[in-house]
Amino acid sequence: MIGHRLTKLAIATGLAACSGATLANPQSPMSTRSFAMAGTGVAIAQPSAAPGANPAMLAADHHDWADDFGLMLPSVNARIADEEETVDQVDDIQGVIDRFQQLDRSTRPEEAQALAAELLERLDRFDRDTARVNAGLGLALAVPSRSLAFGVFTNGNLVATVRGEFDEDDRATLETLVALDPNNPADLLQLQNADLEDDLQSRGRVLAAAVFEAGISVAHALDLGNGNRLQIGISPKYVELTTYQYTETVSGFEDEDFDSDDYQTDKSGFNLDIGAAYAFGDSHQWNLGLMVRNLIPMELDSARSKPLLEDTHTLELKPMVTAGIAHRSEYHVVTAELDLTRKDAFGYEDDTQWLALGAEFDAWRYAQLRLGVRHNLAGNDDNDGIAEDTQFTAGLGLNLLGVHLDLGALYSDADIGAALELGTAF
């Protein structure tokens, strides 16, 4: 049965892209606290989140209830962008094809032509519509210390897009069917012999990328002569990249194709993150942070199982530099953060370079309210798919008996998202 195949495709894409690399994606890892504060963390990361946000923060000053041990087990987040309801459109298109194929066109030719006209309209509207899913998973353990702090972590994220493409030859095929004269025996025979499952070449494209990493972090604090403090940190890590590209006609998709190696490429290697943080002010209430992620460039080309229909997409891990500043007290944190480098898009979306603002208000350790907003400085109207523009975030943290539960939410014109994290600190 053709119906719902591409719905399965959208779901299975994530599984296929992750088959060699758990959950992963080119986006930077983040805790749920960071998610709720617009992705910030370079100058404010708590110990369990520091390996992914800025390893130098392992050696920073933290609340006395969180400066001995931190555990993230786990942190998960997801974003979905499907403003054109792309996957639902495919289900509808497949339903129209099924009805046309099953219809007795010799006795009901006008209904068959109406279905062909409906299909033409749906395919035209479907062209270049894109749905995207981002998902992330993180685990970490941290032992903060000014002298020698360390942590271990594993994290990753996945981005998967499903995109429609209307083949112009299908336009001619369907327009011809609509224009036939059912009273003409030759035209009626042509309508009866039409096979839209084989004749139509409009496609569904799936493009996914995954990045999995696991490593350790170490950090040390230096007391400077002016009374301020400099923290430095480093995270050597193992990185595995995976890409997945699958292109098939809307009616020709087969579920068993998902586990084929023809559509997937993999690569792994060693990489390195470094970070620094500078605490200053009368009570070190100000903090500057700098993070350089992926010092060793890596790249991986996607597979092309259908060279005439598919382009080569390159997943690139280039050095990414982010700077931030934060002000904190016992009851609040306010931070601003800027990507100093641009991250190239993989597939049908915008490049990104975020400017972000985040805030946290703490009610005596037991509850935290978080807010954030970030804007993509690299966004443009000429992107080949889903735009990344301005995103708004919010979240809530609860701490009971040493166990914390963090929740986060994200909204933009294109995306909705949510995050959840369990952990402990003492």
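## Glutamine 368

A polar contact is a pair of N or O atoms within 3.5 Å; within protein, one of the two must be able to donate a hydrogen and the other to accept it. In this predicted model, the side chain of glutamine 368 makes such a contact with the backbone oxygen of arginine 365, at 2.8 Å. A further polar contact, of 3.3 Å, joins the side chain of glutamine 368 to that of aspartate 362.

Glutamine 368 belongs to strand β13, which covers residues 367-376. Its relative accessible area is 3%, so glutamine 368 is buried. Leaving out residues up to four places away in sequence, glutamine 368 touches Glu360, Phe361 and Asp362, and also Gly395, Leu396, Gly397, Leu398 and Asn399.

## Threonine 424

Threonine 424 is part of strand β16 (residues 416-425). A polar atom of the threonine 424 side chain lies 2.5 Å from the backbone oxygen of glycine 402. The relative accessibility of threonine 424 is 19%; because buried means under 20%, threonine 424 counts as buried.

With neighbours within four places in sequence set aside, the contacts of threonine 424 are Phe69, Gly70 and Leu71, together with Gly402, Val403 and His404.

In soluble globular proteins, nonpolar side chains tend to be buried together. The largest nonpolar core here has 22 residues, of which Phe100, Leu119, Leu123, Leu174, Leu177 and Leu196 touch the most other members. Two or more residues of this core come from each of α4 (86-102), α5 (109-126) and α6 (168-179). Helix α5 gives the largest share, seven residues.

Leucine 123 is in contact with Ile93, Phe166, Leu174, Leu200 and Ser202, not counting residues up to four places away in sequence.

## Nonpolar surface patch

## Salt bridges

Side chains of opposite charge can pair when their charged atoms come close. The whole structure holds 27 salt bridges. One of them joins the side chains of arginine 229 and aspartate 223, with an N to O distance of 3.0 Å. Arginine 229 is buried at 7% relative accessibility, whereas aspartate 223 is exposed, with a relative accessible area of 61%.

Lysine 306 pairs with glutamate 248 in a salt bridge whose closest N and O atoms are 3.9 Å apart. Lysine 306 sits in the loop between β8 (298-301) and β9 (314-317), and glutamate 248 sits in strand β5 (residues 229-249), so this pair ties together parts that are 58 residues apart in sequence. Lysine 306 counts as partly exposed, at 22% relative accessibility.

## A partly exposed pair and a network

Arginine 342 and aspartate 351 meet through their side chains in a salt bridge of 3.6 Å, N to O. Arginine 342 has a relative accessible area of 39% and is partly exposed; aspartate 351, at 23% relative accessibility, also counts as partly exposed.

Elsewhere, salt bridges with shared partners join Arg79, Arg132, Glu349, Glu388 and Asp415 into one network.

Methods:
Residues are numbered from 1 along each chain as its sequence is written. This is a predicted model: local features need pLDDT of at least 70, side-chain atom pairs count only at pLDDT 80 or more; totals for chains, interfaces and linings use all residues. Side-chain values use heavy atoms; hydrogens and water are left out. Helices (H or I, at least four residues) and strands (E, at least two) are DSSP runs, numbered from the N terminus. Buried means under 20% relative accessible area, exposed over 50%, partly exposed in between (1.4 Å probe, protein chains only). Contact means heavy atoms within 4.5 Å. A nonpolar core is a set of buried Ala, Val, Leu, Ile, Met, Phe, Trp, Tyr and Cys residues joined through side-chain atoms within 4.5 Å. A salt bridge is a side-chain nitrogen of Lys or Arg within 4 Å of a carboxyl oxygen of Asp or Glu.
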